[in-house]
Amino acid sequence: MTRGMSAPALWLLGHLAHRNEPLAGDLVEQFRGGRSSTWLWAQIVCAVAMGEFRHPRVPVALNLTPIDPIVAEWLISRRLTPRRVNLSSPGEGVGGLGLMMLGFLLSTVVPDVWWFVMGGIVCGVALGTMLAFRRRHQPMATDGRIHTGQLRDLFV
Amino acid sequence: MPRHLLTDFELMILLATLRVGDSAYGVPIATEIGRTGGRRVVVAAVYAALDRLERNGLVTSNVGEPTPERGGRAKRFFQVTPQGIRAVKETQRALVALWKGIPELKGGNV
């Protein structure tokens, strides 16, 4: 495999990195140190298969820095890593007008689907509240990280 | 305190971490196992084992500063705890005890 094949691997690694930054950093460091694309692909595939990129290893928080530096400072002092969240539309032209059109179409063609939407929202809020409540009582490791087992416990 | 006997891979990880010293993170640990132990390992397997060892209190970890050569990602440094050292010694003792008294293993190299 040529070294040119590394671009997709690095792209994939970039998307998985927030789930295990030290491992992603190690792989990038080794690849830049002269390891082959084959080696990089093998490492990524093994890491995914072993579940090393399954759960974020650091508590995820919204990046509030542009809004309130005091809150961001507090998050950092609690060893919570602020993470940027893309709140923009996933596609060009799918903005407020697109959503309004979608809502209009749903209302006219299959109005009953709104019950599912409402049910989804209620379930999502309930699940989020439950997870937030349980996370408050979740013991943190000494390094401020949440480990795989602890995350798994949230869903048991 | 319960006795903790290590698997062969856990034992290699702990020994490699001790050999590397203060700068022990995924890459040097995997390299040390390959170079000294003669076993090629996947970096993810090293992290999986270290996570397990950390949950058992045999190692601790702390996150360093992000560096450009790692794409701005931080290293996670590992240290073996006194409990980890005790587990290594207990495992060594158990293996040596098993080794003794086997006629096929007496003498020099086979």
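H1(B) and H4(B) are oblique to each other, with angles under 35 degrees counted as roughly parallel, over 145 as roughly antiparallel, 65 to 115 as roughly perpendicular and the rest as oblique. Their axes come within 10 Å and cross at roughly 125 degrees, H4(B) being the helix of residues 82-99. Axes here are lines fitted to C-alpha atoms, for helices over the stretch in contact, and angles run from 0 to 180 degrees between N-to-C directions. Helices (H or I, at least four residues) and strands (E, at least two) are DSSP runs, numbered from the N terminus. On the H1(B) side, the touching residues are Leu11(B), Leu14(B) and Leu15(B), and H4(B) answers with Gly84(B), Val88(B) and Thr91(B); a contact needs C-beta atoms, placed from the backbone, within 7 Å.

A word on the model: it is predicted, so to speak of a local feature takes pLDDT of at least 70 and side-chain atom pairs count only at pLDDT 80 or more, while totals for chains, interfaces and linings use all residues. Residues are numbered from 1 along each chain as its sequence is written, chains are lettered from A, and ligands are numbered from 1 in the order in which they are written.

Chain A has a helix pair of its own. H1(A) and H3(A) pack at about 30 degrees, with axes 9 Å apart, and are therefore roughly parallel to each other. Ser6(A), Ala9(A), Leu12(A) and Leu13(A) of H1(A) meet Ser37(A), Leu40(A), Trp41(A) and Ile44(A) of H3(A).

Then there is the largest nonpolar core, with 38 residues. Such a core is a set of buried Ala, Val, Leu, Ile, Met, Phe, Trp, Tyr and Cys residues joined through C-beta atoms within 7 Å, where buried means that 20 or more other C-beta atoms lie within 10 Å of the residue's own, exposed that 12 or fewer do, and partly exposed anything in between. Among the residues with the most contacts inside this core are Leu27(A), Ile13(B) and Leu50(B). Elements of chain A giving two or more residues include H2 (21-32), and those of chain B include strand S2 (73-80). H3(B) supplies the largest share, 8 residues. Leaving aside neighbours within four places in sequence, Ile13(B) touches Ile29(B), Val46(B), Ala49(B), Leu50(B) and Leu53(B).

Where the chains meet, 22 residues of chain A are in contact with 22 residues of chain B. H2(A) gives the most to the chain A side, with 11 residues.

Methods
Two residues are in contact if their C-beta atoms, placed from the backbone, lie within 7 Å.
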